[in-house]
Amino acid sequence: MRKFNNRLVWLMLPLLLIHGLWGSFTLLGINSITLKPLSWLLTLIVILHGLIGLLLSRDAVSIGLRTGRWYWKENARFWIIRLSGICIFILLGFHASAYTTTVNGVFFLRKFTFLRMLSQLLFLAAILIHLLAAARPWLINRGILKFRERTWDCIIVLTILTAFFTFSIVTYYIYWNF
């Protein structure tokens with residue numbers, strides 16, 4: 001199951017980057033074409049990845065419940081990945097409904113309020129935390145020996161992309177409200 005989940009991650013990461021860049025260009029008014037099938041495929045993969053993550057976490061949770069010892073400090077990265085994944089699951093619904101709505105089968109843009117912007121920034125932060133916490137174990141799992149150097153490469157790329165995505169969300173909020 002771990003191997004399948006790892007392959008899902010390999011499929012999910014490029015889709016996530018394409019979705020984020022495409023969506024950012026749309027929010028900035030550079031692009032007007034939507035890629036709904038890509039979004040639905042990414043959503044399906046994220047949900048499947050999350051369910052597998054829950055299944056792989058059940059032993060740790062059951063032992064923690066039984067013994068009362070969670071070893072938060074010793075397994076900090078493990079718990080950060082799990083908790084940020086739960087946040088992603090919760091905020092995924094807000095993300096899916098933040099920008100458009102359907103009335104009688106016709107799509108309309110929703111007014112992009114401060115709370116919608118805040119939910120999108122929290123969603124982005126949860127994804128960034130999840131990816132940063134998972135970068136090192138993921139690289140080690142892939143057999144990359146110089147994972148320290150590669151981890152910093154991942155951190156730099158993810159930070160730059162997240163800054164661009166944040167800029168797009170804030171710009172879109174300003175467009176709607178000022």
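Q: What places Leu132 in a helix?
A: Leu132 lies in helix H4, residues 114-141. Helices are DSSP runs of H or I with at least four residues, strands are E runs of at least two, and both are numbered from the N terminus. This is a predicted model, where local features need pLDDT of at least 70, side-chain atom pairs count only at pLDDT 80 or more, and totals for chains, interfaces and linings use all residues. Residues are numbered from 1 along each chain as its sequence is written, and side-chain values use heavy atoms, with hydrogens and water left out.

Q: Why is Leu132 called partly exposed?
A: The relative accessibility of Leu132 is 27%. Buried means under 20% relative accessible area, exposed means over 50%, and partly exposed is in between (1.4 Å probe, protein chains only). Leu132 therefore counts as partly exposed.

Q: Which residues does Leu132 contact, leaving aside neighbours within four places in sequence?
A: They are Arg77, Ile155 and Leu158. Contact means heavy atoms within 4.5 Å. As for Ile156, 24 residues apart from Leu132 along the chain, the two C-alpha atoms are separated by 10.0 Å.

Q: Why does Tyr175 count as exposed?
A: Tyr175 has 63% relative accessibility, so Tyr175 counts as exposed. Tyr175 sits in helix H5, residues 147-177.

Q: Why is Trp72 partly exposed rather than exposed?
A: The relative accessible area of Trp72 is 47%, so Trp72 is partly exposed. Trp72 belongs to the loop between helix H2 (36-67) and helix H3 (76-97).

Q: What makes up the nonpolar surface patch of about 520 Å²?
A: Trp72, Leu83, Ile86, Ile90 and Phe94 make it. Patch residues have over 30% relative accessible area and no salt bridge; nonpolar side chains (Val, Leu, Ile, Met, Phe, Trp, Tyr) are joined within 5 Å, like charges within 9 Å. A salt bridge is a side-chain nitrogen of Lys or Arg within 4 Å of a carboxyl oxygen of Asp or Glu. Accessible areas come from the Shrake-Rupley method with a 1.4 Å probe; for residues, only the protein chains shown count as cover.

Q: What pattern does the protein chain follow along the sequence?
A: The pattern is α-α-α-β-β-α-α. The protein chain has five helices and two strands.

Q: How much of the protein chain is buried?
A: Buried residues make up 31% of its 178 residues. The protein chain exposes about 11,800 Å², and carbon and sulfur atoms supply 72% of that area.
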